[in-house]
Amino acid sequence: FNRLYHDGLGAIVSKSISVSPLDGYKGPTVVSLGEKGYLNAVGLANPGSDVFAHEIMNNQIPLIVSIVGSSQSDFPKLISKFDKLNMLGYEINLSCPHVAKMGMEVGDDLDLVTKIIKTIKSKTKKPVIVKVGIGNTDVLKLASKIQESGADAITAINTIRAMAINVETGMPILSNKVGGLSGIPLKPIGVRCVFEITKKVNIPVIGCGGIFTWEDAVEYILAGATAIELGSVIAYEGWTAFNKIKLGITKYLEKKCYKNIKEIIGLAHQY
């Protein structure tokens with residue numbers, strides 16, 4: 001966390017943490033694609049809330065803790081572990097299996113989304129950000145429900161279900177067969193979702209998916225994002241990517257004679 005932050009990031013979002021440890025799926029769990037893309041089916045592997053709370057006990061950097069649960073009752077337990085620690089807020093990962101309805105994502109159940117958000121908001125005064133995926137539910141209906149339920153912001157979007165097959169063996173490459181698509185192939189979908197969501201809701205939207213260059217970042221901001229998240233770029237560009245993107249945005253603003261980045265948020269909506 002410290003290394004990432006000091007290499008130019010404004011804040012860190014953790015891996016999604018569950019109440020109890022999760023081993024995740026067996027390998028292979030990640031497939032590298034052409035055009036700087038990935039498929040992954042890690043299975044939400046994480047050390048669990050007790051271990052992670054201990055790891056960040058002395059945290060001194062801006063940290064947003066991503067939390068995940070398969071039932072409404074998981075979230076108060078997670079909040080109780082983290083809320084007194086030095087962290088900024090929570091990002092709620094809704095793209096996890098719904099235990100009661102296997103094959104669904106939590107975000108597909110709008111009533112459950114409302115219950116989870118209201119439960120979390122009743123247990124913390126810290127900001128609550130909800131990360132949305134593209135499941136079976138209309139993402140705009142989901143975004144509206146998230147705002148109505150009291151969330152402070154939305155992150156759009158999570159990975160999209162996809163797969164790859166080895167043509168020599170005929171076997172799916174990922175052990176879970178289906179995984180999540182991330183990286184550059186996801187960007188046009190992410191930009192579209194940010195553009196449409198920010199026309200639908202009034203709470204801030206964080207853009208996420210396939211951001212590798214300052215142009216990618218600016219595109220999300222023009223679509224309406226008030227902030228961006230970076231992920232896959234780290235594997236390809238390393239730690240230097242963050243400052244390159246920041247420098248590119250700064251030069252773009254200067255070239256266009258904008259005083260600050262707020263002036264370009266959602267600018268594409270006027271056309």
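**Aromatic ring pairs in close-up**

**View 1. Phe212 is a buried residue of this predicted model.** The relative accessible area of Phe212 is 7%, where buried means under 20%, exposed over 50% and partly exposed in between (1.4 Å probe, protein chains only). Residues are numbered from 1 along each chain as its sequence is written, and side-chain values use heavy atoms, without hydrogens or water. Because the model is predicted, local features need pLDDT of at least 70 and side-chain atom pairs count only at pLDDT 80 or more, whereas totals for chains, interfaces and linings use all residues.

**View 2. Tyr38 and Tyr236 form one of four aromatic pairs.** Rings of Phe, Tyr and Trp (its six-membered ring) pair if their centres lie within 6.5 Å; planes under 30 degrees apart count as stacked, over 60 as edge-to-face and the rest as tilted. Here the centres are 5.6 Å apart and the planes lie at 50°, so the pair is tilted. Tyr38 belongs to strand 3 (residues 37-40) and Tyr236 to helix 8 (residues 233-237), so the pair ties together parts 198 residues apart in sequence. Helices (H or I, at least four residues) and strands (E, at least two) are DSSP runs, numbered from the N terminus. Tyr38 is buried at 18% relative accessibility, while Tyr236 is partly exposed at 31%.

**View 3. Phe212 and Tyr236 form a tilted aromatic pair.** Their centres are 5.8 Å apart, with 55° between the planes. Ring pairs link Tyr38, Phe212 and Tyr236 into a cluster.
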